Amino acid sequence: MTVDGLIRWLSGLSGTGEQAWMLLLAALITGIPLFLVLATNAIVAVYVERKVSAFMQDRVGPMGQGAGLHAGKWGLLQTVADALKLLLKEDIIPSAADKKLFIAAPFIIFLAPFLAFSAVPFNQTLEMVDLNIGIFYILAMGSFGVIGLILAGWASDNKWSLYGAMRSAAQIVSYEIPAGLSIISVIMLTGTLSMQGIIEAQTGTRWGFLPNWMVFNNPFSLLAFVVYFISSVAEVNRTPFDIPEAESELVAGFHTEYSGMRWALFFLSEYANMLIVTAVAAIVFLGGWTSPIPGWFSTAGWGLFWFLFKVGFLILVMMWFRWTFPRLRVDQLMNVCWKVLLPLAMLNIFGVGLWALVVG
Amino acid sequence: MGIVHGEEMVLNIGPQHPSTHGVLRLHVRTDGEIISHIEPVIGYLHRCFEKHCENLSYEQVIPFTDRCDYIASMNNNFGYVVAMEELLGIQVPERVEYIRVIMAELNRIASHLVALGTYGLDVGAFTPFLYMFRDRERILDLFELTCGARLLYNYMWVGGLSHDLPVGFVEATYRFLDDFEPNLNEYHELLMYNKIFIERTADVGILPPDVAISYGVTGPNLRGSGVSWDLRKDEPYSIYDRLDFEIPVGTGQMGTVGDCWDRYWVRAQEMAESVKILRQALKDLPAEGDVHEALPRKVRPPKGSIYKRTESPRGDLAYYIISDGKPVPFRLKMRSPAFTALSVLSEIASGWMISDVIAILGSLDIVLGEIDR
């Protein structure tokens, strides 16, 4: 179900050839479900995060308590209630804030993962567009959100927000480099930038029983996966790399002054960003929609399941990190990036090249 | 070219801030992330404790001491009643002494659990905090069982206690200790020996022993700097001279002597020592004895004064009481260990980053109720 396919179908129906309104209609038809996916993702992820943290901390988390205005069975309605509360809250714009930028910032931040998501294949056919530069496009859109963060921090006219914005800008821009370089080492093996192309290069088996995923391809690509995953945790500002919104230091970082639905957009984009980086990890390193048991469960429906399963698993690992580790300091964070991950990513490129030359 | 200095920015950390442990304001001058000058501003919780005491009878002061260091109220009670008893010349029964030590050490564990748990929060680890509060909750349950209050006990009275131990207290305390000891190791693995935690705290906020002594820093903060000074050992009061326990001092295991990690480690070790003290005290606890036996009919000390210090979880907690023979104190002064600990902050935190200042402040374990009084 791609935009191209829809346009072809529409032009076949009308018999007038491809026209501009068809593109708009097709984009709407595919875009609205995508938006709903991202919104539901945030609601589900917040619920899961609460429950996971509760179970890790010897608590029960949100729970319903019978009839009436309660959070439903097992607290399932808790995040729905939260979302409703945020929608109904007063919209506060500080008088000292730069009004236009203040309003624009959350939308820019949310736009970035939304745009990136249009190139993510959910299974063999379910994808908005299969760009021939898919992975490159997703990485580019991912770093686009930083502009929103800096705008939010600057426009709030709050010292804490400014600190948070400066920290996040430095952090995200730095961590894109090892993340990008470790993806390059995979692209060297697949020879394509298209998302479907990368997944198709990972079908089949390795040594007869393992799926032919990039993590199992060679030791260097396994290392690349580790480097990518650590960098992506840093890119989405989660513990141990959550210094831009370090609550015990910066109160709430760049979104200190935001409340109500504008604040909810920051939250939505945080979880959407998590979904993006884990989706990229699942596609590039874990074979996307391919089945972990080669040759079995490989229909389109199972493909969707495997993809969501892998993404969900990686998100769960991120939550596990968050509720276990303390937070790094801002200079230590930069040290990890520039002195550890970047040299490792460089080594990976060299190693994968050598491997491809000698073994493969 | 030298170091480029940008414009300095003044930042107010607090009084409403998640990591100032109460209503403390840190007036901070920053150059980027680096802090060039830091000045704690106190007084937001000032309740005229000492002035109030001049209008209260000696028994009525005790609930006010509860509200000074509200994390370790038992120890505050303890310090006051020990001072008063020395002024009055009262000898309390054995059983009372043992119960007091049991309560004080339980409260020391509870206080250190709060200190270490919130320190985890300060450096970004959320889970250890909830684990430690889970254990603290059981200590508070024990207190509730004994005197009905969970935080502000008014339990130790001049010459005795408000209540005797309830039935089943000793067994419940043993059960708690048996569960607590293995938990302690789990917390240390989770937080104290975590690589990131060590990176954040080792070699950070070094408090050299000479600076600590010249500022009058006491308690775990002083012991973290490698100075073995504990009033329970060096100037024993109550029955501490009969008990066998060690004084842990910082050795700079992970970095330099007197860094944040050492202070954390000292508190962690002290909890284990308190467990040791509790086991001995529970074993030797006299079965018989009336806790109200030595209560004076009227607390009216003769003309004179006393300065008595005891070891609270935060350090030397001293009361200076002047009596002019009237039923109310002429003057009552409390020496707060958290106040001296806070006064050293600007000395050791300048030049570090904002995140470090939060970590250093947390490692000093201050309680604003006691600083402002």
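Which residue in S7(B) is the bridge partner of Ile306(B)?

Analyst: In this predicted model, the bridge partner of Ile306(B) in S7(B) is Ile321(B). The pair belongs to two strands of chain B that run antiparallel, S6 (residues 304-312) and S7 (residues 315-323), and 9 bridges join them. S6(B) and S7(B) form a hairpin, with 2 residues between the strands.

Chain B holds 15 helices and 8 strands. Its radius of gyration is 21 Å, close to the 21 Å that the globule rule gives for 373 residues, so chain B is as compact as a globular protein of that length. Taken along the principal axes, the box filled by the C-alpha atoms of chain B is roughly 75 × 45 × 35 Å. Of the 373 residues in this chain, 52% count as buried. When contacts in chain B between residues at least 6 apart in sequence are considered, 70% of them join residues at least 24 apart.

Chain B also meets chain A: 27 residues of chain B are in contact with 22 residues of chain A. On the chain B side, the elements that give two or more residues are strand S1 (9-13) and the helices H4 (94-122), H5 (127-147), H7 (195-201) and H14 (354-364). By class, this side of chain B comprises 14 nonpolar, 7 polar and 6 charged residues.

Chain A, in turn, is divided into domain 1 (1-88) and domain 2 (90-358). The C-alpha centres of these two domains lie 20 Å apart, and 20 residues of domain 1 are in contact with 24 residues of domain 2. Helix H2 (20-56) and helix H3 (78-88) of chain A are the elements that give two or more residues to the domain 1 side. The largest share of that side, 13 residues, comes from H2(A). The domain 1 side divides into 14 nonpolar, 5 polar and 1 charged residues.

One residue of chain A illustrates local packing. Leu149(A) is found in helix H5 (residues 134-155) of chain A. With 30 other C-beta atoms within 10 Å, Leu149(A) counts as buried, because the cut-off for that class is 20 or more. Not counting residues up to four places away in sequence, Leu149(A) touches Ile109(A), Ala165(A), Ser168(A), Ala169(A) and Phe254(A). Of these contacts, Phe254(A) lies 105 residues from Leu149(A) along the chain, yet their C-alpha atoms are separated by 6.7 Å.

Terms used: Residues are numbered from 1 along each chain as its sequence is written. Chains are lettered from A and ligands numbered from 1 in the order in which they are written. This is a predicted model: local features need pLDDT of at least 70, side-chain atom pairs count only at pLDDT 80 or more; totals for chains, interfaces and linings use all residues. Helices (H or I, at least four residues) and strands (E, at least two) are DSSP runs, numbered from the N terminus. The radius of gyration is taken over C-alpha atoms; the globule rule is 2.2 Å times the number of residues to the power 0.38. A residue is buried if 20 or more other C-beta atoms lie within 10 Å of its own, exposed if 12 or fewer, and partly exposed in between; C-beta atoms are placed from the backbone. Two residues are in contact if their C-beta atoms, placed from the backbone, lie within 7 Å. Two strands pair if DSSP finds at least two bridges between them. Ala, Val, Leu, Ile, Met, Phe, Trp, Tyr, Cys and Pro count as nonpolar, Asp, Glu, Lys and Arg as charged, and the others, Gly among them, as polar. Domain bounds come from an automatic or database domain assignment.
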